[in-house]
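Hi,

Here is the structure I promised to pass on. Have a look, and my notes on it follow below.

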Amino acid sequence: MRFTQICTVVIFFMVNSISGQYKFEKERRIKAHEVPFKAIEFVGKVNFKKKIKWYLEESQDGKTFEAKVCFNGRKHSLEFDQLGNILDVEIETKLFKIEKETQNKINSTLKKRFRKFKIRKIQLQYKRELENLTNCIKKECSVKPNYEIVLKGKTDSSYKLYELLIDEKGGRILKELKFTPDNFDNLQF
């Protein structure tokens, strides 16, 4: 009995800590010479054909540098820490382009979390070692991504905007942040 009570309290605090966080994000465009050399060097190895747009981003996680570029017909965002170390690669996609089994699990996970929802944006998120990230950018990736989803969801009587990070199988929410429409502009490519 006591074990059940302790588990209930722990789960309550875990759910509240996941669902109660707000996203803060502020981006501004910067020039390439303002970016750490290590980040420029990483991007150079990929050999993007189109122009790379650089941004300085401030969020609840601190300051980062972000390169945004279209590559092989897909929008890519590459995020680096202040020293220029790669943090992650995000590639925009559509729900119907994800394998059917994972797609169904994502829908099931979202239906459990929200009464109603409308997906606005999905990105494949790769957080792996350097070589794999380069391969993922070039569509030669064997690593399964997590899914970063921006959506408008209804939990009680009103809709709110959310950013969710869902695991590679589509069955578990790893991170959930609420945000205001003003912040949504920063989430657009």
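Is Lys-175 buried, partly exposed or exposed? Lys-175 counts as partly exposed, at 31% relative accessibility. For that word and its neighbours, buried means under 20% relative accessible area, exposed over 50%, and partly exposed in between (1.4 Å probe, protein chains only).

Before the rest, some housekeeping. This is a predicted model, so local features need pLDDT of at least 70 and side-chain atom pairs count only at pLDDT 80 or more, while totals for chains, interfaces and linings use all residues. Residues are numbered from 1 along each chain as its sequence is written, and side-chain values use heavy atoms, with hydrogens and water left out.

Salt bridges

I took a salt bridge as a side-chain nitrogen of Lys or Arg within 4 Å of a carboxyl oxygen of Asp or Glu. That rule gives 8 salt bridges. Lys-175 pairs with Asp-61, with 3.4 Å between the closest N and O atoms. This pair links distant parts of the chain, 114 residues apart: Lys-175 is in strand β9 (residues 173-179) and Asp-61 in the loop between β2 and β3. Asp-61 is exposed, with a relative accessible area of 59%. (Strands are DSSP runs of E, at least two residues, and helices are runs of H or I, at least four, numbered from the N terminus.)

Lys-68 and Glu-27 meet at 3.2 Å, N to O. Lys-68 sits in strand β3 (residues 62-71) and Glu-27 in strand β1 (residues 25-30), so the pair ties together parts that are 41 residues apart in sequence. Both Lys-68 and Glu-27 are buried. Lys-23 bridges to Glu-25 at 3.1 Å between the closest N and O atoms; Lys-23 has a relative accessible area of 9% and Glu-25 one of 7%. Lys-23, Glu-25 and Glu-163 are linked in a network of salt bridges.

Helix α2

The buried residues of α2 are Ala-39, Phe-42, Val-43 and Val-46. They lie on the same side of α2, because they cover an arc of only 95° around the axis (the arc is that of the directions from the helix axis to the C-beta atoms). Exposed Phe-37 and Lys-45 are on the face turned away from that buried side. Just after α2, Asn-47 has a positive phi of about 65°.

Further along, Lys-51 lies in the loop between α2 (37-46) and β2 (53-59). Lys-51 is exposed, at 66% relative accessibility.

Cheers
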